[in-house]
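Dear colleague,

Please find the structure below. A short account of the findings follows it.

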4 protein chains.
Amino acid sequence: MTYSAEKLNEEKVFKDPVHRYVHVRDRVIWDLVGTKEFQRLRRIKQLGTTFLTFHGAEHSRFNHSLGVYEIVRRIIDDVFDGRPEWDNDDRLLTLCAALLHDLGHGPFSHAFEKVFDFDHEDFTRAIILGETEVNKVLKNVGPDFPEKVAEVIAKTSEKKIVVSMISSQIDADRMDYLQRDAYFTGVSYGQFDMERILRVMRPREEQVVIKKSGMHAVEDYIMSRYQMYWQVYFHPVSRSAEVILTKILHRAKQLYKENYAFKHEPQHFTSFFCENVTLEDYLKLDEAVIMFYFQIWQNETDLILSDLCRRFVNRNLFKYAEFDPAKEYKKLAELNVLFLKAGIDPEYYLVVDSSSDLPYDFYRPGEEEERLPIHLLMKNGELRELSRESEIVDAISGKRRTDHKLYYPADFLADESTGKDIKKQILALLE
Amino acid sequence: MTYSAEKLNEEKVFKDPVHRYVHVRDRVIWDLVGTKEFQRLRRIKQLGTTFLTFHGAEHSRFNHSLGVYEIVRRIIDDVFDGRPEWDNDDRLLTLCAALLHDLGHGPFSHAFEKVFDFDHEDFTRAIILGETEVNKVLKNVGPDFPEKVAEVIAKTSEKKIVVSMISSQIDADRMDYLQRDAYFTGVSYGQFDMERILRVMRPREEQVVIKKSGMHAVEDYIMSRYQMYWQVYFHPVSRSAEVILTKILHRAKQLYKENYAFKHEPQHFTSFFCENVTLEDYLKLDEAVIMFYFQIWQNETDLILSDLCRRFVNRNLFKYAEFDPAKEYKKLAELNVLFLKAGIDPEYYLVVDSSSDLPYDFYRPGEEEERLPIHLLMKNGELRELSRESEIVDAISGKRRTDHKLYYPADFLADESTGKDIKKQILALLE
Amino acid sequence: MTYSAEKLNEEKVFKDPVHRYVHVRDRVIWDLVGTKEFQRLRRIKQLGTTFLTFHGAEHSRFNHSLGVYEIVRRIIDDVFDGRPEWDNDDRLLTLCAALLHDLGHGPFSHAFEKVFDFDHEDFTRAIILGETEVNKVLKNVGPDFPEKVAEVIAKTSEKKIVVSMISSQIDADRMDYLQRDAYFTGVSYGQFDMERILRVMRPREEQVVIKKSGMHAVEDYIMSRYQMYWQVYFHPVSRSAEVILTKILHRAKQLYKENYAFKHEPQHFTSFFCENVTLEDYLKLDEAVIMFYFQIWQNETDLILSDLCRRFVNRNLFKYAEFDPAKEYKKLAELNVLFLKAGIDPEYYLVVDSSSDLPYDFYRPGEEEERLPIHLLMKNGELRELSRESEIVDAISGKRRTDHKLYYPADFLADESTGKDIKKQILALLE
Amino acid sequence: MTYSAEKLNEEKVFKDPVHRYVHVRDRVIWDLVGTKEFQRLRRIKQLGTTFLTFHGAEHSRFNHSLGVYEIVRRIIDDVFDGRPEWDNDDRLLTLCAALLHDLGHGPFSHAFEKVFDFDHEDFTRAIILGETEVNKVLKNVGPDFPEKVAEVIAKTSEKKIVVSMISSQIDADRMDYLQRDAYFTGVSYGQFDMERILRVMRPREEQVVIKKSGMHAVEDYIMSRYQMYWQVYFHPVSRSAEVILTKILHRAKQLYKENYAFKHEPQHFTSFFCENVTLEDYLKLDEAVIMFYFQIWQNETDLILSDLCRRFVNRNLFKYAEFDPAKEYKKLAELNVLFLKAGIDPEYYLVVDSSSDLPYDFYRPGEEEERLPIHLLMKNGELRELSRESEIVDAISGKRRTDHKLYYPADFLADESTGKDIKKQILALLE
């Protein structure tokens with residue numbers, strides 16, 4: 001029997017709080033889960049700094065990756081298998097891409113990508129194609145199988161239906177993370193009737209479509225996503241931690257460039273500081289490593305670095321004020337001056353952070369993250385774009401919502417031992 | 001107003017997936033949560049190595065500590081307050097002891113305590129009484145308040161009712177962890193009707209007692225605990241990770257004593273290796289630090305240390321066989337010899353691990369962990385020990401169950417490049 | 001102690017699957033629950049014919065009434081009590097009105113009200129003010145207390161805040177039924193974070209308002225309501241049963257007027273047929289009585305009555321087709337003629353049914369069911385109408401959605417033994 | 001295609017709160033659900049009088065029957081199909097037997113069977129084999145198919161494995177009702193990990209066996225069952241309603257025999273009173289009919305009948321005292337005399353009610369309800385009876401628990417207008 005068709009003697013399961021059980025019967029999947037690159041995802045939180053706001057959100061990307069795999073497996077085995085529009089030869093490809101889609105994520109990805117200017121998706125590709133355990137397993141399936149998996153994840157694959165199962169406006173990725181993040185944070189917003197959505201999914205050449213009878217379940221899913229963004233993912237307290245984290249990385253990079261003498265050599269970081277990260281270095285970076293450095297940097301002589309690390313480790317975060325850039329840009333300039341006068345470096349201690357989300361859109365040609373609209377399969381076999389049928393979705397379609405906040409260290413400003421008057425002015429402007 | 005009586009302007013809540021919300025109105029509690037010693041509990045998993053078996057079990061002791069606090073708060077505010085047998089002056093003491101009861105836990109406590117011979121409870125006491133932020137907050141309540149809190153946690157307090165709320169056979173600690181660990185692992189075993197148990201709890205001088213009408217809910221709780229022990233806490237795969245973890249620590253300590261030259265100075269560990277741990281060193285130790293060292297130790301030249309670290313980090317665990325010491329001690333001796341012959345050090349690679357639990361007991365005088373039996377409050381006001389009323393509890397009362405397993409590296413034994421015949425002999429004995 | 005202040009010796013609880021427990025400490029509430037008029041609500045399903053679509057929806061109005069009471073109790077005792085804007089003297093009035101707000105509902109209320117031209121709210125009032133056990137209990141509180149309770153339920157009370165807790169766009173009634181109906185049907189749509197909404201409710205003279213920080217929870221609640229209407233309450237299969245039920249009542253009334261000789265004297269119905277219903281007659285009418293008659297009417301000689309009853313009892317329902325009155329009125333006229341030709345009385349067998357819902361509206365002056373908009377309490381103390389702050393709510397605000405369907409007996413039309421050609425024509429028009 | 005192999009065009013689902021969805025693909029199953037005999041189960045509560053204690057328990061046997069079908073379907077399609085020990089030709093037989101196993105239940109079965117001396121299982125058989133819609137559907141499968149289904153339900157079938165799936169100590173019937181009754185009452189006791197149990201079930205010729213690795217899940221299931229019996233099914237308040245119900249039926253039968261002139265001819269009951277019930281009469285009897293008669297009998301001139309009916313309809317139940325027959329038989333005799341003296345007929349107003357359950361037993365040869373023990377499938381392929389492996393089950397195995405209570409009308413005894421002294425004596429004896 002070929003490796004790709006090999007089944008385990010007995011089905012294996014992972015107990016999963018969201019899907020009850022994750023079922024594995026394919027040898028390939030079992031072997032992939034066992035690789036060290038996949039196990040590394042256990043050391044990277046799914047929601048980065050969110051656990052500092054919602055203490056339950058300590059779950060890892062390992063969790064989520066298994067969940068996405070399980071959803072795709074159920075779509076294929078329970079719904080698509082046997083339908084003429086679905087080619088079951090794509091099954092293993094789809095399962096592997098689902099399992100591995102987040103493989104290149106590092107710890108606190110967004111902050112790292114921003115500060116060190118790289119894209120985690122490049123590392124996903126590098127891990128799949130490079131000299132790794134994952135690559136070895138995939139190559140056993142076929143010499144070009146790693147490339148095929150990478151293409152699906154990169155959305156460049158010709159198999160559009162496969163791509164759409166993992167990356168679209170109603171994909172297994174989103175369906176898993178909404179439910180999972182809701183479960184671990186304890187909020188109720190992320191719940192929707194996934195069972196129903198799975199049952200009404202149908203394969204078409206270009207994408208997965210949804211039977212019209214399931215439209216309300218899809219509406220509910222889109223509203224869940226909207227709520228999760230504003231209630232959980234963009235929560236201003238988590239954003240505050242994100243702001244501090246970003247500033248720590250900035251500061252360390254800056255110090256490195258200035259040849260600052262770190263008490264403890266930041267060897268895990270040097271290739272990042274130089275923006276020349278190798279795959280080997282990248283794979284070593286996990287949250288334990290980050291937190292180790294943040295702990296020891298609390299004792300660095302640089303006051304900004306040590307202060308920011310203490311804030312992050314001990315959850316002594318910045319406070320925030322609403323900020324409207326269009327109207328308040330002058331105030332911001334004024335605040336910058338006052339911070340300088342008060343001896344508080346505004347580059348690190350006065351930060352504008354913006355959150356923005358587009359709950360659903362039917363057509364965004366040429367945009368960076370161009371995504372297919374959701375199509376409904378009508379009784380007569382035609383396809384209709386969701387917002388033409390759903391008033392609710394139509395009402396929010398294409399409406400981007402953006403929110404800006406201004407973060408600052410309230411404790412510094414409350415300290416009246418120095419610059420009392422200037423601080424009073426600052427506080428007056430902030431409130 | 002005194003600090004101890006101070007209330008927050010508005011009640012604060014933490015969203016909690018188990019209790020929905022954790023409510024805080026007391027300034028003291030709020031301040032304690034904000035201390036760095038308490039925040040440190042975020043970096044210590046509640047269930048140590050269990051996440052390698054149940055991938056959802058990534059929650060921290062921070063989570064659990066808030067949960068125990070919330071349960072105690074509800075017992076006091078919703079059930080005990082106003083009853084003549086309860087002195088509400090003990091409220092704050094009880095809340096603080098509940099919140100802080102696990103404060104001295106380190107990462108993977110059991111393995112560390114065993115290898116480095118200390119007791120985390122001593123550190124709980126040290127943190128509460130030493131020069132810490134926690135101590136500062138508690139002292140604000142009163143100069144002897146830290147000592148009082150420490151006594152409750154150490155079970156030496158005269159206030160037996162307070163002690164029993166946090167440490168007894170039906171305490172807030174157990175009620176929280178059973179539910180919480182069930183929630184995060186996703187198993188159903190830890191569920192019981194806590195609402196009902198809380199409603200039927202009554203304060204008595206010596207301990208909390210349970211109204212007879214709630215007996216069945218208590219039976220269900222005891223069975224939940226029994227199931228969680230055998231299904232989750234003693235799961236052989238988690239035990240395997242625990243075995244490897246313990247052996248890593250053993251090996252590192254051994255190497256240190258032999259003046260082995262570590263590539264990377266294990267500065268966070270030296271005082272542990274010398275069994276002379278200071279509070280300051282202890283507080284630095286969290287799971288990030290441990291995992292950082294385990295990662296870099298994968299590159300140490302000592303083959304045993306690097307191999308064990310690779311196993312732990314990449315979840316390449318030992319397999320296990322059932323083992324009955326009474327009958328198979330000879331076989332174990334034989335295996336030791338064969339392992340030596342095969343060039344596999346049995347001290348690190350052939351490990352007996354034993355799990356043992358006593359689901360409930362009514363009387364264990366003089367034993368190390370002597371715990372009060374559960375008493376039922378009968379309609380006529382008398383107290384009766386639980387197992388006299390409940391047939392189910394009587395049936396399992398005092399019945400200790402012990403399980404032994406023999407752990408070994410199946411991959412080493414499967415490698416036929418060396419010692420093929422000896423390895424065959426070993427495998428024959430193990431199966 | 002006055003009767004109104006009397007407390008039970010021990011708090012009583014009802015185990016409730018939605019709120020876990022319903023807590024009763026007031027003697028008045030306990031006594032009201034025990035009256036035969038309140039117990040009668042056990043024999044009236046909360047969702048009428050919905051159980052024929054969602055088999056779990058067999059729960060009664062008794063269930064729901066306790067739930068509304070419990071929500072109001074929690075709002076008052078956990079959130080409002082102690083706030084200067086809330087007069088706790090209104091507590092008992094509010095609790096009683098909450099408990100009794102549906103007291104006048106009969107079996108399958110909407111169909112009965114329509115056919116026999118009465119309003120169940122008049123009977124709520126009649127039960128509260130008439131010679132009933134409920135009235136006796138309320139009078140014990142004070143001679144004008146029944147009138148006060150009736151006024152709150154009728155929304156004519158001066159205590160607008162009290163009225164708004166029970167009847168507004170975000171009241172205890174809606175919050176209970178959405179969650180309860182979702183629980184019993186098993187759909188996920190009705191879930192929202194009620195805990196959070198309760199925590200952010202604040203009393204104002206005119207109405208309950210919601211702290212701005214809880215806006216997203218309110219959005220989620222409004223979307224839940226929208227989904228429940230279209231997914232559950234207006235489900236076309238339940239509507240089909242409702243259509244048949246209405247036609248049974250029509251037919252029976254018609255036959256009575258024509259002096260038809262019922263085999264079994266419909267004594268429970270006669271005052272309804274004459275549209276002259278006394279309170280005594282009304283209280284005798286419950287679902288058991290209705291179903292008893294529908295069972296025996298299956299054997300009546302009138303073919304329409306017996307057929308419709310068989311359909312309802314054995315769930316042999318009408319099929320439906322989409323219908324757009326504006327465009328298809330001619331088709332309907334045509335179908336009427338064809339039905340007559342085919343020997344199928346269109347008055348009973350060709351029925352247009354319309355469902356309509358307005359998910360939220362901010363201002364509907366002068367309309368029949370004029371309801372207060374939801375107001376948000378901003379940080380600066382001002383009130384702002386919800387749709388001005390929430391884009392989601394703004395998008396759906398005031399948008400009434402209406403749906404029409406045409407119901408017909410597919411089995412009759414499939415029977416080719418008579419009028420085959422005409423039936424073919426009918427089916428062609430219907431499809 | 002033969003009727004038995006016919007599939008629906010699209011799978012149909014019923015939304016179910018316990019199993020999420022019930023899936024139907026077989027035409028036969030769909031047709032059976034549509035029969036009027038099966039629809040009749042909607043009008044019979046699953047838990048009889050329990051709704052008077054747990055108000056959520058208003059669910060019908062229709063609900064439960066679909067649930068048992070769904071569990072059996074999942075065992076066959078997800079676990080057994082393809083295993084050599086399972087003959088998939090038995091699939092339809094098993095599904096039909098699962099769906100129809102409770103078909104002969106009437107309203108409040110136990111009370112009716114006791115008073116009118118019949119066995120509902122005879123009616124199950126009669127419905128399956130008689131002139132019914134159900135019979136017609138089954139006959140379409142094959143002329144002897146109805147008989148085969150009846151034999152499985154009657155446990156006389158040679159296909160022991162099929163019988164054991166529906167009637168054994170761990171069957172689909174029990175697994176559904178424990179979870180369902182827990183869900184609707186809202187108690188947590190009935191929860192266990194059914195997913196896990198299904199996964200470890202294996203077919204053997206004589207019965208379904210359970211892989212050893214699933215033993216703890218089975219222990220949990222047995223404890224759930226134990227708790228549900230004592231916490232829900234035997235709840236003394238429900239038993240009180242059951243006692244009154246039984247006494248109503250007794251009284252009515254007695255009056256009929258004495259030629260009492262009922263105001264309203266009890267035509268639905270006459271064949272019951274004569275203990276000569278036809279299938280046609282039986283099928284007419286549902287809870288609506290019972291409740292209709294109980295309502296009108298409140299106005300009968302016989303004081304006992306009207307009083308008991310008022311009690312049942314308005315939930316004005318009997319109180320209870322613990323009763324130990326072995327020790328208190330004399331007291332009972334004494335109470336009988338005192339009741340007679342007080343003018344309260346002890347035959348109807350002083351009732352001993354006994355509840356008894358055997359949580360698990362391994363061997364009960366020759367007993368009425370002889371049931372197979374549960375067997376574990378060991379790794380080596382041997383079978384071992386559960387209690388030999390499980391200490392918990394061993395501890396409770398074969399231990400029958402019985403509880404007796406004495407029911408009486410507390411309100412009559414509190415009425416001091418007559419027989420004050422005797423009543424005082426009675427109350428003294430009862431307390």
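What share of the contacts in chain A with a separation of 6 or more comes from residues 24 or more positions apart? Such residues account for 68% of those contacts, two residues being in contact if their C-beta atoms, placed from the backbone, lie within 7 Å.

Please note that this is a predicted model, in which local features need pLDDT of at least 70 and side-chain atom pairs count only at pLDDT 80 or more, while totals for chains, interfaces and linings use all residues. Residues are numbered from 1 along each chain as its sequence is written, and chains are lettered from A and ligands numbered from 1 in the order in which they are written.

Chain A contains 23 helices and nine strands; these are DSSP runs numbered from the N terminus, with at least four residues (H or I) for a helix and at least two (E) for a strand. Of the 431 residues in chain A, 52% are buried, that is, 20 or more other C-beta atoms lie within 10 Å of their own, with C-beta atoms placed from the backbone. The C-alpha trace of chain A spans about 75 × 50 × 40 Å along its principal axes.

Chain C has 18 residues in contact with 18 residues of chain A. On the side of chain C that touches chain A, α12(C) gives the most, with six residues.

How values were computed. Buried ≥ 20, exposed ≤ 12 C-beta atoms within 10 Å, placed from the backbone.
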